[in-house]
Amino acid sequence: MQKISLVILATGVVAAGLWGIGDYMSRKGEEHGDLTRGQAIAEQTCLRCHTKFAGDPLPNPDVTSAPPLASFGQRWPLENLEEALAEGISVSHDDMTMPEFTLTPQSIADLLVYLGELTRQANAKADG
């Protein structure tokens with residue numbers, strides 16, 4: 001009886017270990033965003049037409065309807081933008097079509113972290 005109990009215990013330990021390893025391996029490829037890289041991506045792409053915050057001077061006076069980046073997180077859950085950024089956003093502002101940007105999963109994660117920080121700052125301004 002003791003031998004069977006030890007086998008059952010050992011099997012449980014091995015199964016738990018394999019589950020933990022499988023869980024780790026499934027998450028290993030997940031991208032974690034970097035704020036500094038996200039800011040650089042936004043400066044190179046988004047901030048040519050968008051402002052950071054409502055009321056900031058427009059970077060391109062020909063584009064007047066591009067929403068501020070900080071408002072994205074106020075309008076939608078930012079993780080909902082991940083797929084749109086991966087597939088390419090097709091949006092027009094005024095009479096201009098938004099350019100297509102090819103972003104890697106890491107670039108998307110970086111940009112979303114930056115958008116999240118802008119949203120946090122905008123919300124803090126509104127609350128304070």
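Modeller: Contact here means heavy atoms within 4.5 Å. Please keep in mind that we are looking at a predicted model.

Colleague: Happy to. Which residues does Leu 69 touch?

Modeller: Leaving aside residues up to four places away in sequence, Leu 69 touches Ala 42, Cys 46, Leu 47, His 50, Thr 51, Lys 52, Leu 115 and Leu 118. Leu 69 also belongs to the largest nonpolar core, which has 19 residues. Together with Ala 42, Leu 81, Leu 85, Leu 111, Leu 112 and Leu 115, Leu 69 touches the most other members of that core.

Colleague: Which elements give two or more residues to this core?

Modeller: Helix H2 (35–44), helix H4 (81–87) and helix H5 (105–127) do. Of these, H5 gives the most, with 7 residues.

Colleague: And what is the order of the elements from the N terminus on?

Modeller: They run α-α-α-α-β-β-α, which makes 5 helices and 2 strands.

Colleague: What makes Arg 37 and Asp 110 a salt bridge?

Modeller: The cut-off between a side-chain nitrogen and a carboxyl oxygen is 4 Å. The closest N and O atoms of Arg 37 and Asp 110 are 2.8 Å apart, so the pair is within the limit. The bridge links distant parts of the chain, with Arg 37 in helix H2 and Asp 110 in helix H5, 73 residues apart.

Colleague: How many salt bridges does a search of the whole structure find?

Modeller: The search finds 2. Arg 120 is partly exposed, at 48% relative accessibility.

Colleague: Why are Glu 117 and Arg 120 separated by about one helical turn?

Modeller: Because they are 3 residues apart in helix H5.

Colleague: Now the cysteines. How do you know that Cys 46 is too far from the closest cysteine sulfur for a bond?

Modeller: A disulfide needs sulfur atoms within 2.5 Å. The sulfur of Cys 46 is 9.3 Å from that of Cys 49, the closest one, so the distance is too far for a bond. Cys 49 is in no disulfide either, with Cys 46 as its nearest cysteine sulfur. The count comes to 0 disulfides. Cys 46 itself is buried, at 15% relative accessible area.

Colleague: Why is the pair of Phe 72 and Trp 76 called edge-to-face?

Modeller: It is the 1 aromatic pair found in the whole structure. The ring centres are 5.7 Å apart and the planes stand at 65 degrees. Phe 72 is buried at 13% relative accessibility, while Trp 76 is partly exposed at 37%.

Colleague: And what can you say about the protein as a whole?

Modeller: Buried residues make up 28% of its 128 residues. The accessible surface comes to about 8800 Å², and 58% of that belongs to carbon and sulfur atoms. Among contacts between residues at least 6 apart in sequence, 64% join residues at least 24 apart.

Notes:
Residues numbered from 1 in each chain as written. Predicted model: local features only at pLDDT ≥ 70, side-chain atom pairs only at ≥ 80, totals over all residues. Heavy atoms only, no water. Core = buried A, V, L, I, M, F, W, Y, C linked by side-chain atoms within 4.5 Å. Buried < 20%, exposed > 50% of the residue type's maximum accessible area, 1.4 Å probe, protein only. Helix = DSSP H or I, 4+ residues; strand = E, 2+ residues; numbered from the N terminus. Areas by Shrake-Rupley, 256 points an atom, 1.4 Å probe, with all protein chains shown as cover. Phe/Tyr/Trp six-rings, centres within 6.5 Å; stacked < 30°, edge-to-face > 60°.
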